[in-house]
2 protein chains.
Amino acid sequence: MSRSNPPAPGLPDWLGQLDEGRRQNFAAGEMISQPEADDNRLFVLTSGRARIWLAGESRALTLALLGPGGIYVTHTRAWVEALEAAETRSWPLSELRALIAERPELAIAALGEIGQVLSGAITLIEDLAFRRVEARLARLLITEAGRQGTDVVHLPESTETLASLCGTSRQTLSTLLNRMVRTGLIARPDRRHLAIADPAGLRDIAELSDG
Amino acid sequence: MSRSNPPAPGLPDWLGQLDEGRRQNFAAGEMISQPEADDNRLFVLTSGRARIWLAGESRALTLALLGPGGIYVTHTRAWVEALEAAETRSWPLSELRALIAERPELAIAALGEIGQVLSGAITLIEDLAFRRVEARLARLLITEAGRQGTDVVHLPESTETLASLCGTSRQTLSTLLNRMVRTGLIARPDRRHLAIADPAGLRDIAELSDG
């Protein structure tokens, strides 16, 4: 293997084996790409960090962060913003097939990266879709913990009843409970109990409006 | 090129050149994969249709539809449901590198497919995040159309003022207007005018609660 262009430390091996592409530099706060961009290019962040985000009602909704070696495309419905001074190398997306045939590792890395972005998108959807159900469940747990005098709340009813108390389906409640366990808000010692693991976090969520 | 296993009509060429993998059949309504699945496999839908969805507060939120030749993975935070009798072929995700080295077209197809799913996710995020701003904008347009006696509404103020009337930022308003033009609700003959293209659709949106 001949390396015409050895990558900087921390960057993937395959990067040194691709043709140079187009190099561009961005200052902190500058946009690497914007929604409705015409030009469709695959880019690799060769230095710096960037954030992929969507404009929400009143705040930016972060889909993913990119570090050195991070891969994304310019033709997207998201904003890609340099968080610090950053450099990219990019290639027209139409060359993707040839790039991948040359270095299959590029495809693996790109699939991993877009999988991360998709995972960030699913988290945002859950945040937005579950906000009200989560607030109701948090209030219910806080009330029951007070009433039962313990942080390990005995669930008084079937899962269906708990779901209907929160105004949702059994399936959604189950997704929501998994998510609250994963983020450390609650623990689930057994099927009939929920333990409050982060009381302050749970109170913050309970205070969200129900509207 | 030797083809050991010619694909059915409509299926991609590269499919006939991969090893057999694991074949599975699903009835309509059966789950091809569920959230929190341990097994991580890449699958191709060889017949039938499937829906990738997330459980929302009170309804299923569709991320994408898959048809014959559609590609996805089993280890995901979404449900994948057969919409009709369906067959899949699958391979452990750990074999992905070898699969891609054999057939780079597989990577191109997989990147295209996951890009579609990501696009569906971004649409859902916009639906959820913009619901209230969109309702305010729709009410504003309907009121102004009535006041001005025309469906081509003259925008009385700067974009900043319009954004602030809708309770949002200039950036979000711009994303929202692009989206409403794309979905055929409004047209934008020039920067100072918005034309109501789908009055009934706009009224539906305006009726959403502001809460």
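Me: The axes of α2(B) and α4(B) cross at roughly 100° and come within 10 Å. Why is α2(B) called roughly perpendicular to α4(B)?

Reply: Check the angle (under 35 degrees is roughly parallel, over 145 roughly antiparallel, 65 to 115 roughly perpendicular, the rest oblique). The crossing is at roughly 100°, so α2(B) is roughly perpendicular to α4(B). Axes are lines fitted to C-alpha atoms, for helices over the stretch in contact, with angles from 0 to 180 degrees between N-to-C directions. This is a predicted model, where local features need pLDDT of at least 70, side-chain atom pairs count only at 80 or more, and totals for chains, interfaces and linings use all residues. Residues are numbered from 1 along each chain as written, chains are lettered from A and ligands numbered from 1 in written order, and side-chain values use heavy atoms, without hydrogens or water.

Me: Which residues in α2(B) and α4(B) meet?

Reply: From α2(B), they include F130(B), V133(B) and L137(B), and from α4(B), L173(B), L176(B) and M180(B) are among them. Contact here means heavy atoms within 4.5 Å. The residues of this contact of α2(B) with α4(B) divide into seven nonpolar, three polar and five charged.

Me: How do you know that the copies meet through the same surface?

Reply: 100% of the interface residues of chain B are interface residues in chain A too, so the copies do meet through the same surface. Chain B can also be laid on chain A with an RMSD of 0.1 Å, by a turn of 180° and a shift of 0.1 Å along the axis. That is how a two-fold axis relates things.

Me: Why is T168(B) called buried?

Reply: Buried means under 20% relative accessible area (over 50% is exposed, in between is partly exposed; 1.4 Å probe, protein chains only). T168(B) has 12%, so T168(B) is buried. You'll find T168(B) in the loop between α3 (159-165) and α4 (170-182) of chain B. Leaving out residues up to four places away in sequence, T168(B) touches G56(A), E57(A), V133(B), A163(B) and L173(B).

Me: What makes S33(B) count as buried?

Reply: Its relative accessible area is 4%, so S33(B) is buried too. S33(B) sits in strand β2 (residues 31-33) of chain B, and the residues it touches include V73(B), W79(B) and V80(B).

Me: What about L15(A): buried or exposed?

Reply: Buried, because L15(A) has 1% relative accessibility. L15(A) is in the segment before β1 (22-26) of chain A.

Notes. Helix = DSSP H or I, 4+ residues; strand = E, 2+ residues; numbered from the N terminus. Least-squares fit on C-alpha atoms with pLDDT ≥ 70 in both. Nonpolar A, V, L, I, M, F, W, Y, C, P; charged D, E, K, R; others polar.
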